[in-house]
Amino acid sequence: MVELYQLYILGEFPQEECLIVGCLALNASFEPLTMVPLRRALRLVIDGKAEIVEADSDRVVRSEKLTLPRPAVIRLMRFIHVPRRFRRQVTNTFLFARDRYRCQYCGRLQIELKPRESLTRDHLIPLSRGGANDWTNVVTACSPCNTRKANNLPSEIGMHPLHAPVEPHFVHLSWAVRRLTPTQAKYIRIFYGEETLHHLEDLEHRQVVNQQHGQPGHHGVHKLS
């Protein structure tokens, strides 16, 4: 059933289920992997494929034949190999998170854009000129800068990104748009250290600011520390 685990752990489950986050899944080694829907976490536990490590002591989940504490953290019983680089297809959600919601040409943040402006995806080497839609060829750009650059190479128009685009480490991407409780956050701290946790807190803070300014974002964000 390893393939089935990977569908969920690597984020390949249906988009509607991604919205129902709530349980942190750990590898058998206790390495944090991703958030999974509560229903999926319970199924893994009931099927004996995971164990509950942390639970919400004030809440339980009941069925006709079973009562379980509401899991906050589960651990897979079998080790799942996860690539050290998260090679998921580039999406604007993760791209903007990687670039910290800042246009890589003019430097403006999402919250600084005018109502008719927006963040977009720009290809350094345009697709029409042989460029690829991968992490090293895409940057976040505001719509005016994207229009200005058009079908040109950066060297042709003198528009160079603030930072060279790189493929982010999978842990930064997989947590960039997730919500963590303090109990769940401690496993990020244990495995990846304070620096990564602070980076994720910064991403969460930016999302809160975006929401306050009427920008798209996720609701119900928890403080990580």
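Trainee: How do you know how far to trust the predicted chain, and what is its average pLDDT?

Mentor: The protein chain averages a pLDDT of 76. The scale runs from 0 to 100. Of the residues, 66% score at least 70.

Trainee: Which stretches have a pLDDT under 50, or below 50?

Mentor: Residues 1-21 stay under 50. The model still has 41 contacts beyond four places in sequence for them. Residues 215-225 are also below 50. That stretch has 34 contacts in the model beyond near neighbours in sequence.

Trainee: What makes up the fold, and in which pattern?

Mentor: The protein chain has 8 helices and 6 strands. Along the sequence the pattern reads α-α-β-β-α-β-β-α-β-β-α-α-α-α. Of the contacts with a separation of 6 or more, 66% join residues 24 or more positions apart.

Trainee: How much of the chain is buried?

Mentor: Buried residues make up 47% of the 225 residues. The accessible surface comes to about 11,900 Å². Carbon and sulfur atoms hold 53% of that surface.

Trainee: Why is Lys 149 called buried?

Mentor: Its relative accessible area is 0%. Buried means under 20%. Therefore Lys 149 counts as buried. Lys 149 is found in helix α5, residues 143-149.

Trainee: What does the side chain of Lys 149 reach, and how do you know these are polar contacts?

Mentor: The side chain of Lys 149 reaches the backbone oxygen of Leu 124 at 3.1 Å. It also reaches the backbone oxygen of Asn 152 at 2.9 Å. The limit for a polar contact is 3.5 Å, so both distances, 3.1 Å and 2.9 Å, are within 3.5 Å. Beyond four places in sequence, Lys 149 touches residues including Tyr 105, Asp 122, Pro 154 and Met 159.

Trainee: Which residues have the most contacts inside the largest nonpolar core?

Mentor: They are Leu 95, Cys 103, Tyr 105 and Cys 145. This core has 18 residues. The elements giving it two or more residues are α4 (92-98) and β6 (138-142).

Trainee: Which residues of helix α3 are buried?

Mentor: In α3, residues 38-46, they are Arg 40, Ala 41, Leu 42, Leu 44 and Val 45. Gly 48 follows α3 and has a positive phi, near 75 degrees.

Trainee: How many disulfides does the structure hold?

Mentor: The structure holds 0 disulfides. Take Cys 103. The nearest cysteine sulfur is that of Cys 106, 3.6 Å away. A disulfide needs the sulfur atoms within 2.5 Å. So Cys 103 is in no disulfide.

Trainee: Are Cys 103 and Cys 145 buried or exposed?

Mentor: Cys 103 has 0% relative accessibility. Cys 145 has 10%. Buried means under 20%. Therefore Cys 103 counts as buried, and so does Cys 145. Beyond four places in sequence, Cys 103 touches residues including Arg 108, Thr 140, Cys 145 and Leu 162.

Trainee: Why is Phe 30 called partly exposed?

Mentor: Its relative accessible area is 34%. Buried means under 20%, and exposed means over 50%. The value lies in between, so Phe 30 is partly exposed. Phe 30 is found in the loop between β1 (21-26) and β2 (32-37). Phe 30 is not a glycine, yet its phi is positive, about 75 degrees.

Trainee: Where does Tyr 101 lie, and why is it called buried?

Mentor: Tyr 101 lies in the loop between α4 and β5 (119-123). Its relative accessible area is 9%. The cut-off for buried is under 20%, so Tyr 101 is buried. Tyr 101 is not a glycine either. Its phi is positive, about 55 degrees.

Trainee: How do you know that Gln 184 is buried?

Mentor: Gln 184 has a relative accessible area of 2%. That is under 20%, so Gln 184 is buried. Gln 184 lies in helix α8, residues 182-212. Its side chain reaches the backbone oxygen of Ala 72 at 2.9 Å. Gln 184 and Glu 54 are 130 residues apart along the chain, and their C-alpha atoms are separated by 8.4 Å.

Notes. Residues are numbered from 1 along each chain as its sequence is written. This is a predicted model: local features need pLDDT of at least 70, side-chain atom pairs count only at pLDDT 80 or more; totals for chains, interfaces and linings use all residues. Side-chain values use heavy atoms; hydrogens and water are left out. Helices (H or I, at least four residues) and strands (E, at least two) are DSSP runs, numbered from the N terminus. Buried means under 20% relative accessible area, exposed over 50%, partly exposed in between (1.4 Å probe, protein chains only). A polar contact is a pair of N or O atoms within 3.5 Å; within protein, one must be able to donate a hydrogen and the other to accept it, and residues adjacent in sequence count only if both atoms are side-chain atoms. Contact means heavy atoms within 4.5 Å. Accessible areas come from the Shrake-Rupley method with a 1.4 Å probe; for residues, only the protein chains shown count as cover. A nonpolar core is a set of buried Ala, Val, Leu, Ile, Met, Phe, Trp, Tyr and Cys residues joined through side-chain atoms within 4.5 Å.
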